Amino acid sequence: RRHGPRRLPRATSPAAPALRPSRPRRGPAAPRQHQPGRPRSSLGPARRKRGGRRGGAGRSSCGAPAGKMVLEPLFQAWSYFRRRKFRECADVCSQLLERPPGEQVAGAGPYFTFYFILFQAAWNLKTRALTEMVYVDEIDMDQEGIAEIILDENAIAQVARPGTSLKLPGTSQGGGPSPAVRPVTQSGRPITGFVRPSTQSGRPSTMEQAIRTPRTALTARPITSASGGYVRLGTASMLTNPDGPFINLSRLNLTKYAQKPKLAKALFEYIFHHENDVKNALDLAALATEHAQFKDWWWKVQIGKCYYRLGLYREAEKQFKSALKQQDMVDTILYLAKVYLRLDQPVTALNLFKQGLDRFPGEVTLICGIARIYEEMNNISSAAEYYKDVLKQDNTHVEAIACIGSNHFYSDQPEIALRFYRRLLQMGVYNCQLFNNLGLCCFYAQQYDMTLSSFERALFLAENEEETADVWYNLGHVAVGIGDLNLAYQCFKLTLVNNNDYAEAYNNLAVLEMRKGHTEQARALLQTASSLAPHMYEPHFNVAILSEKVGDLQRSYTAAQKSEEAFPGHVDTQQLIKQLKEHFAML
């Protein structure tokens, strides 16, 4: 049996009014083959004749080579957008917007209406593509800078009750490891198993301390204010459009755009995320919510985000509460919790999360938010329980696995911590931090055959000098554990070569110098460590011991008081202070 001639798929004509990007076609249908004995449709020969006359043999009806699909430009731009190729999407939309009107509507009926719809669709799509290129999730973008910490006027009470403030977290409220076992930040919060801006930044008490002390887990440079970070995001976004800004905000009639909800939402996100113009974004959101008769919860959330950026936390709280009354949304609960945390009201944020869990049972982000707050308040046992609840809902949650593993490690359970870190490795997490933790767990679990190989892999995967310094510092600890003090000395020196502001390395080098009898070098190293990290108790205690040995009792007493302030439960410091007081009483 012989089949009839194969009909080639026809590409969509530019004039066809099929410009609905919300329902893209997945491709042309498979060409049907004529079978003998089956009646042909009346349109079959005419289509083949028309296609042969225009394209010729071996060509489709639009002149493209046989077998190659030619997409309409707007549909191609939408396809790029769906595949997250935002630069290509913006380029195709720019070509559409630069075409003259006559070329865009060739063969169409109502020219002006069709051109306007095409222009509007291309403009909207390009706006969304440029926004997605620089989009940062507002829920996780939470960094407190020097301005927000030192010049904070939103405090409810200067002296908060224990357990009700993030500025004064309790000491091991939930029976967690003490600072003698688990390192803490300069605000008194324990180092978490997952790096987050809110947990790594401290709350210094003076401007000098805010500028001089290390404030992140990776660098000694202080975190700049949140507004500065957003400004850098806005200026960097200009690189996405080399010819200048796509939309001239000074010439926009915001009132006209506010009356078109679909365009207004895309325009607001472009102004807020891409241009970082919070004032114009707030004006547009206010006009749009007024046009919606204050019944659109989405616009109220956007107004709250603008108020939060401007530091007007009480106004942002009102907007988020109003949005929650109209529509229960998990994101709105998270935004409102951010406001309460910035106002230093963690108990209110906890109650909000628990109320949200009543409406959204098993929501992972809400359970994780509760765990984070408990961890920042130094209630480690409650945080671990909630992280386990997170894993019951999502057993691939990286943050929960890392935090539980870190908690087990600092609770003297390295074997259990090793299981959690191996789970992360099986999930595809492959970085320097993970192999660094694996090396420590293997060492303390007495699996020495894997220790050095893990550290070697961590050094190989280190992306910057700060990560390399962390690996060398841990290698120094391993060397101290096996008794090779010369190797430990070299490792701590290599730590300072990669990161000159590593306070822990200065402290450990000072201990090694004291063992060698080099008192003055040890004193200088300890002074450097205490100035870099005043929240650590070890340098102050070592200075007190060293000064007491050489007979400088006054300096020893001052350093011991600083050590007790950093770690009130340190028994050795209390005994030293008691001995010094008895000695002073005898004098």
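**Exercise 1. Classify D552 and R555, then say what links them.**

Start with D552: its relative accessibility is 28%, so D552 counts as partly exposed (buried means under 20% relative accessible area, exposed over 50%, partly exposed in between, with a 1.4 Å probe and protein chains only). Next, R555 has 40% and is partly exposed too. Finally, the two form a salt bridge, with the closest N and O atoms 3.5 Å apart (a side-chain nitrogen of Lys or Arg within 4 Å of a carboxyl oxygen of Asp or Glu).

A quick note before going on: this is a predicted model, where local features need pLDDT of at least 70, side-chain atom pairs count only at pLDDT 80 or more, and totals for chains, interfaces and linings use all residues. Residues are numbered from 1 along each chain as its sequence is written, and side-chain values use heavy atoms, leaving out hydrogens and water.

**Exercise 2. Work out how R372 and E399 are placed.**

First, the contact: R372 and E399 make a salt bridge, their closest N and O atoms being 2.7 Å apart. Now the elements: R372 sits in helix α17 (residues 364-376) and E399 in helix α19 (residues 398-410), so the pair ties together parts 27 residues apart in sequence. Helices here are DSSP runs (H or I, at least four residues), numbered from the N terminus. Last, accessibility: R372 is partly exposed at 25%, while E399 is buried at 4%.

**Exercise 3. Find the spacing of R87 and D91.**

Their side chains meet in a salt bridge (3.5 Å, N to O). Both lie in helix α3 (residues 86-98), four residues apart, so about one helical turn separates them.

Technical notes
Helix = DSSP H or I, 4+ residues; strand = E, 2+ residues; numbered from the N terminus.
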